[in-house]
Amino acid sequence: MTATSALHAPQLIANSEMLYLVWIPEDTDAVAALVPDGLSPRADFAVYMNQYLVPTANQTSNGAEVVDGFGAYSLTYLGVDLAGLDTEAGTPARWWTHYFNSSEPMVRYAAERGVPATVGGSTAIEVTADNKVIATTSVDGKPIIRTVARVDDSPLVRGTGQLRYITRDPKTSEFVSGRYPFVMDSRGGFVVESLEFLDPDHDVYALRPADPLDVTFGFYSPDITFCYPGGEGPLGSFHGS
């Protein structure tokens, strides 16, 4: 039985710090095997990852809730870009395969909506004086993923839009489409220097990048606000289109 949360969707997350990447994987067969029947990976089998921080509880719309508030948390999630379900802006829909969260209440909230959420994760992001961004994801205290990127000192760039994630309703097994609106300011000069999957024994290793590294999309934002989730509905319905 899926654990439940007293919170109602959507919830707003304000002013988080985020590193987001999409890349071409080394093992396309392993990536394809993580996509369920009824959905298809994109032709390039692209993999996405979001590493982000919410340092204080009052950056969430449930910050004052006595029960089931997310609290301060960090999160890394990964999955596979899908074919044929792009948003109107051309952003691919995405299927979640891994979700490592430090907040147990948020894990219950996400799991109730079909996200493969697990507790015990932690994500750290460091920005050095010479503009290097280092994001490390750990599970039960063991580092499993490390990203090193570089940005510059150019003015922040405003970005807006929606991401689309597909989940499976844990009660009905039907696919559900969720739109996640965002407003962000990102740093310029973004370049990924390395992306390491540090634990070959962890099942997330199936999503490791090809060599040489081929990053097809990404950004670092010190300030991004989004809803979690918003605009949900059965896949193919008005709210799930």
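Strands here are DSSP runs of E with at least two residues, numbered from the N terminus, and two of them pair if DSSP finds at least two bridges between them. The hairpin of β9 and β10 has six residues between the strands, and S173 takes a positive phi near 70 degrees there. Strand β9 also runs parallel to β4 (residues 93-101), joined by three bridges, with A93 opposite R164 in β9.

A word on the numbers: this is a predicted model, where local features need pLDDT of at least 70, side-chain atom pairs count only at pLDDT 80 or more, and totals for chains, interfaces and linings use all residues. Residues are numbered from 1 along each chain as its sequence is written, and side-chain values use heavy atoms, with hydrogens and water left out.

Two asparagines are worth a look. N101 belongs to strand β4 and counts as buried because its relative accessibility is 0% (buried means under 20% relative accessible area, with a 1.4 Å probe and protein chains only). Setting aside neighbours within four places in sequence, N101 is in contact (heavy atoms within 4.5 Å) with residues including Y73, M106, T118 and G121. N62, by contrast, lies in the loop between β2 (47-54) and β3 (73-81), and is buried too, since its relative accessibility is 1%. The N62 side chain reaches the backbone nitrogen of F70 at 2.8 Å. Not counting residues up to four places away in sequence, N62 touches L7, Q11, G69, F70 and G71.

A cavity is a set of points on a 1 Å grid over the protein atoms alone where a 1.4 Å probe fits but cannot get out, and lining residues have an atom within 4 Å of a point; volume is the space filled by probe spheres set on the points, which are joined across faces, edges and corners. The largest cavity has about 110 Å³, and of its 13 lining residues, M18, N50, Y77, L163 and F226 are the closest to the centre. Strand β12 (215-228) is among those that each supply at least two lining residues, and gives the largest share, four. By class, that lining has twelve nonpolar, one polar and no charged residues. The second largest cavity, about 40 Å³, is lined by Y109, A110, R113, V115, Y180, Y228 and P229.

Terms used
Buried < 20%, exposed > 50% of the residue type's maximum accessible area, 1.4 Å probe, protein only. Polar contact = N/O pair within 3.5 Å; in protein donor to acceptor, adjacent residues only side chain to side chain. 1 Å grid on protein atoms, 1.4 Å probe; cavity = no way out; pocket = protein on both sides within 12 Å on 5 of 7 lines; lining within 4 Å. Nonpolar A, V, L, I, M, F, W, Y, C, P; charged D, E, K, R; others polar.
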